[in-house]
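Subject: Structure for your review

Dear colleague,

Please find the structure below, handed over for your own work.

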Amino acid sequence: MSDAISKTGRWIDLANPTRFLSFAGAVLPWLGGLTLLVLAVGFWMSINVPDDYQQGSTVQIMFIHVPFAWLSMMCYTIMSIAALGTLVWRHPLADVSAKAAAPIGAVFTALALITGSLWGKPMWGTWWVWDARLTSVFVLFLMYLGIIALTRAMDDPAKSAKTTSILTLVGFINIPIIKFSVDWWNTLHQPASVLRMGGSTLDPSYLRPLLVMAIGFTLLFFTLHMMAMRNEIWRRRVVAMRRVAARNAERGPAKQQEVR
Amino acid sequence: MGALFLRDVRLGLRAGGGALVGILFFLAVIAVVPFGVGPDLKLLARIGAAMLWVGALLATLLGLDRLFQADRDDGSLDLLIMASERHMLPLTILVKCLAHWSVSVLPLVIASPLLGLFMNMEPAAIGATALTLLVGTPAITLIGAVGAAVAVSLPRGGLLVSVIILPLAIPVLIFGVSASYGAVEDPAPFLAPFLILGAITLFFAVLGPVAAAIALRSSAD
Amino acid sequence: MRLVAEKLGGERGGELLFHGLDFMVSAGEALLVTGRNGSGKSTLLRIIAGLLAQAEGTLRLEGEPAAFEGLAAAAHYLGHLNAMKQVLSVHENLHFWQSFNGRGKYSIAEALERVGLGEIGHLPFGYLSTGQKRRASIARLLTSERPVWLLDEPTAGLDKASETQFAALMQEHLARGGLIVAATHLPLGLAGSKELALGAPL
């Protein structure tokens with residue numbers, strides 16, 4: 001019980017941007033180091049995987065493609081939670097979190113599309129097909145870009161936070177569509193093979209490096225996200241300080257006039 | 001003049017993603033085509049060049065109404081017109097068009113090969129389409145300058161600008177698309193429509209700024 | 001150098017606001033154009049600036065310095081709007097106008113110092129208060145050299161201290177042989193200026 005209270009206490013502490021900055025400063029080096037370590041192990045494991053009897057060595061693209069695709073959806077989910085945080089709880093960091101996550105999510109989605117396309121060329125004989133999974137991920141990419149454009153179009157963060165949150169939440173419909181598109185429609189993209197009812201269909205020799213890579217990239221995401229949030233807080237402080245500087249410049253000469 | 005170019009480029013990049021919105025619109029237009037005509041890769045490959053051109057045309061029209069209106073709203077336009085002894089007004093307009101093109105249209109041209117892949121086009125067709133877009137889209141911006149100058153004093157000129165410009169931009173579309181097809185389909189020539197496209201651009205590089213300058217001068221009040 | 005208007009008439013939106021205006025402003029003189037709202041002060045200034053065509057009469061600048069050809073080329077126009085971009089810094093804005101209009105007697109830093117904005121030239125123009133914005137656009141008059149200053153309500157939004165500062169700048173401009181035509185309803189603190197009252201019944 002007391003544990004739960006102290007936990008919520010910690011979270012409220014973190015809501016204060018200054019506390020967040022010191023927390024991020026303390027955690028980031030460790031998180032970054034851990035990310036590098038896990039990713040290095042993951043890469044080493046992926047390279048040493050035996051070739052697939054059908055796909056040959058191209059199967060190794062999977063070890064980066066699948067984590068990118070997972071993260072593209074996870075990032076949007078985090079942004080949607082942050083959007084709820086902005087709209088319902090008015091959490092001061094929620095807006096920062098959503099804004100910082102959008103470019104990272106867009107990059108991961110783009111990487112998922114690019115790696116998928118590189119994988120698709122030898123497998124399907126074409127860079128791109130308009131099937132349900134690919135199209136819905138492309139739509140996700142467009143939504144990321146739309147959200148980024150919207151946040152950039154309004155320079156007052158207080159105003160843009162709400163509208164962006166609403167757009168983000170409306171766009172969340174797309175996430176289940178992406179996840180289940182391979183089951184609902186008959187697509188060229190292979191159906192889910194790792195996370196499914198009745199256990200994974202993937203051979204353990206592939207599953208293990210994939211999971212390590214997934215953990216590594218997830219850690220990478222959180223590292224980048226925390227750094228981006230820190231940058232955003234700093235950026236807002238710089239803006240606020242510049243406005244103060246513009247106001248203070250007025251007092252300077254006025255005083256001089258009085259002295260004269 | 002270099003200063004004007006730099007200022008407009010800087011404004012386009014800094015003012016909150018005018019360039020980004022254009023590309024986004026282009027991507028979205030191309031993304032809805034397969035929903036409309038169905039995911040038939042052969043059909044998409046055949047209409048790909050035309051769709052890229054239509055998408056680029058619409059995306060180019062998107063931000064054109066702000067070409068002079070932003071300067072009018074803050075009073076810069078008056079000073080640009082007053083400086084016409086030092087800097088010929090048509091030249092000023094040409095520089096503004098070039099800056100607008102490099103910030104909002106050039107990214108579309110660069111993105112077009114990627115969208116060509118989405119449309120399952122052949123490499124030759126993708127290259128030809130990107131090349132024709134590179135040569136042809138400046139003409140759309142230059143024609144657009146006339147529309148933007150005519151509509152500059154209207155409070156809601158945006159849609160009107162597109163309506164005014166579209167009919168004038170049709171020749172650009174015709175020769176752009178036929179040159180793109182000429183590169184892949186055998187009997188159709190590539191070079192002839194491509195050269196005509198270049199000629200249209202050069203022609204409007206002269207006519208557009210001059211007409212826009214006259215319109216801007218008379219619209220000042 | 002002198003600015004001469006003969007039988008000048010101006011209209012806006014098809015309505016004749018004034019006609020038969022005769023005035024002459026010589027180098028070193030200021031002409032204050034006064035009158036109630038809608039009497040055509042701004043229209044007169046825009047006609048002098050060459051942004052509007054006059055309805056009747058003639059307007060000419062005699063004996064202007066050789067570097068400037070024609071009235072519009074020899075004039076600085078400070079209208080209601082500041083002609084500055086919100087997202088660019090004050091310095092970037094002034095730098096653009098200086099390289100577009102030619103270098104003047106003052107560098108940008110000196111001009112900003114003269115209007116009391118020396119400290120905040122690096123800030124985006126949009127962050128400034130109304131009075132600071134006005135002063136930044138007054139600094140524009142200093143960064144490029146023009147003998148004729150056309151000022152439309154130049155002191156709108158300025159506080160007392162800045163008004164005094166600006167009056168000193170105008171005096172200096174007149175002393176160097178410039179001329180000023182200013183539309184205003186406030187005294188600008190210029191000694192020995194002529195006054196032209198618009199809005200007398202036609």
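Chain A has 8 helices and 0 strands, where helices are DSSP runs of H or I of at least four residues and strands are runs of E of at least two, numbered from the N terminus. Along the sequence, the pattern of chain A reads α-α-α-α-α-α-α-α. Of the 260 residues in chain A, 31% are buried; a residue is buried if 20 or more other C-beta atoms lie within 10 Å of its own, exposed if 12 or fewer, and partly exposed in between, with C-beta atoms placed from the backbone. Among contacts in chain A between residues at least 6 apart in sequence, 77% join residues at least 24 apart; two residues are in contact if their C-beta atoms, placed from the backbone, lie within 7 Å.

Please note the conventions and the confidence. This is a predicted model, in which local features need pLDDT of at least 70, side-chain atom pairs count only at pLDDT 80 or more, and totals for chains, interfaces and linings use all residues. Residues are numbered from 1 along each chain as its sequence is written, while chains are lettered from A and ligands numbered from 1 in the order in which they are written. The model scores ipTM 0.87 and pTM 0.83. For chain C, the average pLDDT (the predictor's confidence in each residue, from 0 to 100) is 85, and 99% of the residues score at least 70.

In chain B, helix α6 (residues 89-118) packs against helix α7 (residues 123-150) at an angle of about 155 degrees, with the axes 9 Å apart. Axes here are lines fitted to C-alpha atoms, for helices over the stretch in contact, and angles run from 0 to 180 degrees between N-to-C directions. The angle therefore makes α6(B) roughly antiparallel to α7(B), a term that applies to angles over 145 degrees. The residues making this contact include W101(B) and V105(B) of α6(B), and L133(B) and L134(B) of α7(B). By class, the contact of α6(B) with α7(B) has 14 nonpolar, 6 polar and no charged residues; Ala, Val, Leu, Ile, Met, Phe, Trp, Tyr, Cys and Pro count as nonpolar, Asp, Glu, Lys and Arg as charged, and the others, Gly among them, as polar.

Helix α4 of chain B (residues 66-73) has R66(B), L67(B), F68(B), Q69(B) and D71(B) as its buried residues. These buried residues of α4(B) pack against α5, α6, α7, α8 (157-182) and α9 (191-219) of chain B. Just after α4(B), G75(B) adopts a positive phi of about 90 degrees.

Turning to the interfaces, the contact between chains B and C takes 19 residues from chain B and 23 residues from chain C. On the chain B side, α1 (2-14) and α5 (76-82) each supply at least two residues, and the largest share, 6 residues, comes from α1(B). That side of chain B divides into 9 nonpolar, 2 polar and 8 charged residues.

Finally, E6(C) is found in strand β1 (residues 2-12) of chain C. Because E6(C) has 14 C-beta neighbours inside 10 Å, E6(C) counts as partly exposed. Leaving aside residues up to four places away in sequence, E6(C) touches D22(C), G57(C) and T58(C). The C-alpha atoms of E6(C) and L21(C), 15 residues apart along the chain, are separated by 6.3 Å.

Yours sincerely

Technical notes:
Angles under 35 degrees count as roughly parallel, over 145 as roughly antiparallel, 65 to 115 as roughly perpendicular and the rest as oblique.
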